[in-house]
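Please read the following briefing alongside the sequence and the model.

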Amino acid sequence: MSVDKQILEKISTYSEYAIHLQRGLVAHPAVCPENGGEGELAKAEWLEGELNKLKFDEIKRYDAPHAKAKGGVRPNIVARYKGTKSDRTFWIMTHLDVVPPGERSLWNTDPYQLHIDGNKLYGRGTEDNHQGLVASLLCVRALMECGVRMPFDVALLFNADEETGSEFGAHFLAEKHPDVFGKDDMFIVPDGGAADASLVEIAEKSIWWQKIRTQGKQCHASMPHLGRNAFRAASEFVVKLGSLYKTFKAKDKLFDPPMSTFEPTKKEANVPNVNTIPGEDVFFMDSRILPQFEVRDVEKTIQKIAAGIERKFKVKIHAEVQQKALAAPPTSAEAPVVQALKKAVRTVYGKDAKAMGIGGGTVAAVFRRAGFPAACWSKLDETAHQPNEYCIIDNMIGDAKVYGHIFLQE
Ligand SMILES: [Zn+2]
């Protein structure tokens with residue numbers, strides 16, 4: 001039997017091992033302190049125990065200090081399996097943290113106890129991001145047991161803090177330990193994808209959330225001339241903001257939808273009664289901006305529109321940033337990691353995957369910004385962050401085979 005075949009068949013025999021890993025991971029809730037949890041330490045220590053049972057050449061912890069977390073740290077782990085050459089590293093990057101279970105009554109089983117139902121494994125984190133995490137381990141274990149070394153290092157990176165901005169995870173590593181990464185390295189980030197395996201994410205829009213407060217003057221509704229109606233001013237402002245679609249109208253077919261989006265979303269309540277002119281109005285904007293535009297140019301345009309509204313209605317408008325994540329330069333659809341991934345998906349899942357951009361917000365951006373090619377891919381049902389989150393066992397096995405195929409092609 002060819003080595004390729006041996007590796008892929010080996011992976012097929014790992015279902016029980018995959019379930020064992022999922023059970024341990026689910027039983028260690030790693031919720032970020034910002035979401036009311038203790039962080040990743042207990043889970044990281046449990047995982048280190050598992051990693052030590054395998055033949056990694058090097059296992060290193062990179063602890064980001066964080067007083068609010070258990071043990072005062074947010075642990076990141078790098079497990080490296082050396083190649084016949086080590087001048088570049090192929091990374092599979094996943095995250096240890098999970099989001100809270102949310103409303104418990106919506107769960108049919110304990111979110112922190114693995115529940116198996118046929119081909120599905122239920123529990124918080126099973127899909128986001130244990131599926132990718134476990135699949136990466138299955139693949140590397142198969143390489144080890146077949147005694148195969150690649151002509152490059154394979155490294156698994158288990159990050160902290162993906163769910164609340166990656167400050168103590170990917171950002172911490174990229175900024176404080178840049179020496180961990182080599183200039184020719186490439187990344188697969190199995191933290192997103194589609195149920196039919198067809199989505200390879202290579203680009204993101206910038207995300208920009210704003211809270212917009214319009215300050216007028218409250219008065220009795222029968223005497224509107226004595227006040228300044230903040231609701232009316234803000235409403236005209238919202239309508240005028242629609243012009244952003246024209247000002248920044250460029251299209252990029254990589255994305256769906258192919259253009260930038262500028263949407264007024266949440267609205268805070270104003271006065272409780274009908275006969276008062278509201279003196280204050282608060283609404284929120286969610287903007288997703290194509291990487292070709294600078295967010296600050298959009299900001300300037302909004303300020304200009306706001307100034308017009310302020311003059312016309314004699315109100316004051318303040319904008320406050322709720323979230324701003326600037327898009328990284330996209331990974332090229334022609335990048336070897338993307339091409340190899342598409343080929344592997346075709347072989348394993350019989351599917352033609354498409355390289356696309358998304359609305360924004362994966363940790364891959366951290367590495368793209370640092371100049372590395374990074375492809376975000378997985379075959380998943382998108383149950384992340386929901387009650388009764390699950391992962392399909394066959395997807396874990398299949399995704400591990402896809403990684404195996406990529407390595408063997410490289
Ligand atoms: Zn995730």
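Isoleucine 188 sits in strand E7, which spans residues 186-189; helices (H or I, at least four residues) and strands (E, at least two) are DSSP runs, numbered from the N terminus. This is a predicted model, in which local features need pLDDT of at least 70 and side-chain atom pairs count only at pLDDT 80 or more, whereas totals for chains, interfaces and linings use all residues. Residues are numbered from 1 along each chain as its sequence is written, and side-chain values use heavy atoms, with hydrogens and water left out.

**Isoleucine 188**

- With a relative accessible area of 0%, isoleucine 188 is buried, where buried means under 20% relative accessible area, exposed over 50%, and partly exposed in between (1.4 Å probe, protein chains only).
- Not counting residues up to four places away in sequence, isoleucine 188 touches Phe90, Trp91, Ile92, Met93, Val337, Ala375, Tyr403 and Ile406, a contact being heavy atoms within 4.5 Å.
- Isoleucine 317 lies 129 residues from isoleucine 188 along the chain, and their C-alpha atoms are separated by 43 Å.

**Salt bridges**

- The whole structure holds 24 salt bridges, each defined as a side-chain nitrogen of Lys or Arg within 4 Å of a carboxyl oxygen of Asp or Glu.
- Glutamate 236 and lysine 312 form a salt bridge through their side chains, at 2.7 Å from N to O.
- This pair links distant parts of the chain, since glutamate 236 belongs to helix H6 (residues 230-241) and lysine 312 to helix H8 (residues 295-313), 76 residues apart.
- Glutamate 236 counts as partly exposed at 21% relative accessibility, while lysine 312 counts as exposed at 53%.
- Aspartate 63 and arginine 61 form a salt bridge whose closest N and O atoms are 2.7 Å apart; aspartate 63 is partly exposed at 29% relative accessibility, and arginine 61 is partly exposed at 28%.
- Glutamate 294 meets arginine 296 in a salt bridge of 3.9 Å, N to O, with glutamate 294 partly exposed at 40% and arginine 296 exposed at 52%.
- A network of salt bridges links Lys10, Arg141 and Glu145.

**The four-stranded sheet**

- Four strands, in the order E11-E13-E9-E14, form an open sheet with antiparallel pairing, two strands being paired if DSSP finds at least two bridges between them.
- Strand E11 (261-267) and strand E14 (316-325) stand at the edges with a single partner strand each, so one side of each has no neighbour in the sheet.
- On average, neighbouring strands of this sheet are turned by 25° against each other, direction ignored; axes are lines fitted to C-alpha atoms, for helices over the stretch in contact, and angles run from 0 to 180 degrees between N-to-C directions.
- Strand E9 (residues 206-215) pairs with E14 in the antiparallel sense over nine bridges, and the bridge partner of isoleucine 212 in E14 is alanine 319.
- Helix H6 packs on the sheet, touching E9, E11, strand E13 (280-289) and E14, and the direction of H6 makes about 15° with that of E13.

**The largest pocket**

- The lining of the largest pocket comprises 38 residues, of which Glu162, Gly360, Gly361, Thr362 and Val363 lie nearest its centre.
- At least two lining residues come from each of helix H4 (126-145), strand E8 (199-204), E9, E14 and helix H10 (364-369).
- E14 supplies the largest share of this lining, four residues.
- A pocket, on a 1 Å grid over the protein atoms alone, is an open set of points where a 1.4 Å probe fits, with protein on both sides within 12 Å along at least five of seven lines, and lining residues have an atom within 4 Å of a point.
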